[in-house]
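Open the model in your viewer and keep the selection tool at hand. Each stop says what to select and what is there.

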Amino acid sequence: MIRELKTFVAVARYGTFAAAGLRVGLTQSAVSAQMRVLEQSLGVRLFDRSGRSAVLSAGGRHALPLAEQMLGLYAQMALPTALEEWQGELKIGAIASVQTGLLPEALVRFRARASQVELKLVPGVSLDLLGQVDAGELDLALLIRPPFELPKELMQVDLAREPFVLIAPPGMEGDDPLQLLREQPFVRYDRRSFGGRQVERFLREQRLAPREALELDELEAIVRMVECGLGVSLIPRAGLWCQRPQTLRVVELGELTFHRELVAILRRAQRQPALDWLLQCLAGPPPDESRL
């Protein structure tokens, strides 16, 4: 029944029997036959079939997270319990500022005990990385906390909290961040990103409509634009620019400060020793080895 459950999860994930078949190496008719066997075994109709799509029925929506949990438990039966014996690959998605911030030191700690694990780092923006975890294409994603509730099959682990600050060119005068935002051109953190949505909410709350010079998502690029005098910006205190000698002005927001929260997202059914150890490494210095 394990193979039928794997095929069921693939159909639910990719939307059609044909697409699922391509992923699991079966013909469309073989996928259809497996789903009939599974439905007969469970006594539950799993799909509302309409046209070429296979839409989960109420019974299918109930069964999907249970099937994923069962497959996860089955996979764990073959896994070594000691991290030193772990072999395999972990696909980690991370936004740019995490790649240059939390991640490098965490990976050094991780490799000290799980040296046989092959790590693959996938860059991206938060929303895209979240979708890749949901689709099973990534084992873990490190991103900005989504401003909406996650599907129940995903879990979220808090990592860090970063304050937003106003940055300005080095020669620009003025210490009032609201006045600077009213008077100076604004280099905007992309509104389509989770962090950019926080900036947009702050501007609305302060009833500000700054004169926009440019809009982009990459923090290092925003910093460079401000350094060159293009305008001011609101960004989190995160990334490589915090670690090098400052060539711009940083104006604190004081009591108006808001924060960007970094989280790790993974599928509940994919918990495994290597992932658990990586989450511990991301949380801070390695714990006491004698307790592991």
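**Before you start**

This is a predicted model, in which local features need pLDDT of at least 70, side-chain atom pairs count only at pLDDT 80 or more, and totals for chains, interfaces and linings use all residues. Residues are numbered from 1 along each chain as its sequence is written, and side-chain values use heavy atoms, with hydrogens and water left out.

**Stop 1: the domains**

Colour by domain: domain 1 is 1–78, domain 2 is 83–160 + 261–283, and domain 3 is 161–259. These bounds come from an automatic or database domain assignment. The C-alpha centres of domain 1 and domain 3 lie 47 Å apart.

**Stop 2: helix 2 and helix 3**

Select residues 17–24 for helix 2 and residues 28–42 for helix 3. Helices (H or I, at least four residues) and strands (E, at least two) are DSSP runs, numbered from the N terminus. How do these two helices pack? The angle is about 100°, and the axes are 8 Å apart. Axes are lines fitted to C-alpha atoms, for helices over the stretch in contact, and angles run from 0 to 180 degrees between N-to-C directions. Helix 2 and helix 3 are therefore roughly perpendicular, a label for 65 to 115 degrees (under 35 is roughly parallel, over 145 roughly antiparallel, the rest oblique).

Now show side chains. Helix 2 brings Phe17, Ala18 and Gly21 to the contact, and helix 3 brings Gln28, Val31, Ser32 and Met35. Contact means heavy atoms within 4.5 Å. By class, the contact residues are 4 nonpolar, 3 polar and no charged. Here Ala, Val, Leu, Ile, Met, Phe, Trp, Tyr, Cys and Pro count as nonpolar, Asp, Glu, Lys and Arg as charged, and the others, Gly among them, as polar.

**Stop 3: aromatic pairs**

How many aromatic pairs does the structure hold? There are 6. Rings of Phe, Tyr and Trp (its six-membered ring) pair if their centres lie within 6.5 Å; planes under 30 degrees apart are stacked, over 60 edge-to-face, the rest tilted.

Select Phe148 and Phe194. Their pair is edge-to-face, at 5.8 Å centre to centre and 80° between the planes. Phe148 sits in the loop between strand 5 (140–144) and strand 6 (154–168) and Phe194 in helix 9 (residues 194–205), so the pair ties together parts 46 residues apart in sequence. Phe148 is partly exposed at 37% relative accessible area, whereas Phe194 is buried at 3%. Buried means under 20% relative accessible area, exposed over 50%, partly exposed in between (1.4 Å probe, protein chains only).

Next, Phe164 and Phe258. Ring centres are 4.3 Å apart and planes at 15°, so this pair is stacked. Phe164 is in strand 6 and Phe258 in the loop between strand 10 (249–251) and strand 11 (259–267), 94 residues apart. Both are buried.

Phe202, in helix 9, is buried at 4%. Not counting residues up to four places away in sequence, Phe202 touches Leu178, Leu181, Leu234, Leu256 and Phe258.

**Stop 4: Ser126**

Ser126 is in helix 7 (residues 126–134). Is Ser126 buried or exposed? Its relative accessibility is 6%, so buried. Beyond four places in sequence, Ser126 touches Ile95, Leu143, Ile144 and Phe194.

**Stop 5: Arg207**

Finish in the loop between helix 9 and strand 8 (211–216), at Arg207. Its phi is positive, about 55°, although Arg207 is not a glycine. Most residues other than glycine have a negative phi. Arg207 is exposed, with 81% relative accessible area.
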